[in-house]
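Opening the notebook on this one.

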Amino acid sequence: MSTQPDVVVVGSGPNGLAAAVTMARAGLSVEVLEAQPTIGGGSRTLDLGLAPGIVNDICSAVHPLAIASPFFVDFDLRARGLEFTTPEISYAQPLDGRPAALAFHDLAKTVEHLGEAGPEWDRFFRPLLERVDDTIWLSLGDKRSLPPTLRDASGIANVVKFGMRLLSQASPAWNIPLSHETTQALFTGVGSHAIGPLPGMGTAATATMLATIAHAGGWPSPVGGSQAITDALVADLEAHGGRATAGVRVDHVADMPAARAYILDTSAGNAADIFSGLLPAHVERALRTFKHGNAAAKVDFVLNGPVPWADPDVARAGTVHLGGTREQMAAAEGDVVAGRMPEHPVCLVSDPTVFDPSREVNGLRPLWTYCHVPFDCPIDPTEYITRQLERFAPGFRDTIVDYRSVPASQMSEHNQNYTGGDIATGIITFYRMLARPRTNWDNYSLGVPGAYLCSSATPPAPGVHGMNGWFAAQRALKHRFGITEVPSLAPQD
């Protein structure tokens, strides 16, 4: 690579690497700069020193969108040698004193398991499975261009089906289509992959998309951990002449080499800092006032055995949502929105050894957990998460060998985008899903020629799907380099 690259990408999360790969595939020289000592951002797997041979996923752990998103469909991780495992049970919702609600990969099996509540689950999701790609494109589009779903009558009909279900779960009437406690809890648990009020548009959209995917391709995870996704992206970048360098902090554009385009996988506020003094006043103001969402606090455990779930079937699930009933989860999220630490916070749990036995070493295994807390909350989440686990898995404390906790107020120390624990890099509301991070037709442009934002602070949404970076790169190719044909991302022989 020449000393002056065509493109500089700041931040090596999935979106930054997606942008870098796209630009490099177009024949441009690309340099990625990462402040952390390791590459990957929200898709890293590290040895935290908790037990010999045990590695923990630092942010994301389960990856339905790494198979389903249009970017990764084109990039095709499996064809590059990545091995994914898909649990029979995508997710579980433990309930007090009764069997857990389970979402099997197979919809019919889920309906059978749910008993008398099964038919309403079937009515909700079966129509969306007829054309799953419509749901994915509607959820992961750039919110500006016409998605392929709207190019025929069947697609339009499916968009209407999706919209009606989304609106039903985002309104006070959310208990009408899902009237049983089990289906209500099962759906609401999936919505906990977003952090926000219940009911709400952000949580409803997240739940509808992810639950649909769970019954289509399932919720797979790469063998060995999330780092495998990052490594595949970096390998392709390097194969096309680009490079990624860790341990390089960028505080201002002056810290970067001269380039024709800059693509930032950073928070809106960090983007304003980097281009401080160069941005139009209205753009800088919008970036600096883009509101943060509520937060996550994380605990990485090492256990000496499987979690002793009261319902043994929960141990077969790749992801477990802890919070109890819909009413209990709504109350907990209401506390978070009000700035209070809930006594029983909503928690997400994944035991990777369930679907990847290689993660167990000498009888020890990692456990990935986080809980929802108020923005910038300094409280150590360990006891809160442990109590929720004990609630549904009595004896869990006895399995703990070691752990590392990260309060929301410290989450940015391992990923600068996660200011105050806001892992979505900005609040998720209906308005802010469209105007992200500001009201503008091009949400990726920073108002400076050649400068673009590609992080989760832009459409479509947070997640390991690469779409934000892919969309930003396409705009940079077109407007900065005159390249209108999107390069193929397919593996090359």
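Entry 1: I started with Glu383 and Arg387, which form a salt bridge with their closest N and O atoms 4.0 Å apart. This is a predicted model, so I am reading computed values throughout. Both residues sit in helix α14 (residues 382–392), 4 residues apart, about one turn of the helix. Buried or exposed? I checked each: Glu383 is partly exposed at 34% relative accessibility, and Arg387 is partly exposed at 33%.

Entry 2: Buried means under 20% relative accessible area. Arg359 comes in at 6%, so I put it down as buried. Asp57 has 5% and is buried too.

Entry 3: Asp236 and Arg80 form a salt bridge, the closest N and O atoms being 2.9 Å apart. I traced Asp236 to helix α10 (residues 227–239) and Arg80 to the loop between α3 (70–75) and β5 (84–85), so the bridge ties together parts 156 residues apart in sequence. Asp236 is buried, with a relative accessible area of 5%, whereas Arg80 is partly exposed at 24%.

**Entry 4: the tally.** How many salt bridges does the structure hold? I get 24. I also noted a network of salt bridges that links Glu88, Lys109, Asp313 and Arg316.

**Entry 5: between the domains.** The domain assignment gives domain 1 as 7–46 + 225–292 + 425–481 and domain 2 as 84–220 + 294–414. Their C-alpha centres lie 27 Å apart. Across the boundary, 20 residues of domain 1 are in contact with 16 residues of domain 2. The two domains bury about 1,600 Å² between them, with 63% of that on carbon and sulfur atoms. On the domain 1 side, His292, Met433 and Trp441 lose the most area to domain 2, together 24% of what that side buries.

**Entry 6: polar links across the boundary.** I count 1 salt bridge between domain 1 and domain 2, plus 7 residue pairs in polar contact. Helices α15 (430–434) and α16 (467–481) each supply at least two residues of the domain 1 side that touches domain 2. That side splits into 11 nonpolar, 7 polar and 2 charged residues.

Conventions. Residues numbered from 1 in each chain as written. Predicted model: local features only at pLDDT ≥ 70, side-chain atom pairs only at ≥ 80, totals over all residues. Heavy atoms only, no water. Domains from an automatic or database assignment. Contact = heavy atoms within 4.5 Å. Buried area = accessible area lost by both parts, 1.4 Å probe. Salt bridge = Lys/Arg side-chain N within 4 Å of Asp/Glu carboxyl O. Polar contact = N/O pair within 3.5 Å; in protein donor to acceptor, adjacent residues only side chain to side chain. Nonpolar A, V, L, I, M, F, W, Y, C, P; charged D, E, K, R; others polar. Buried < 20%, exposed > 50% of the residue type's maximum accessible area, 1.4 Å probe, protein only.
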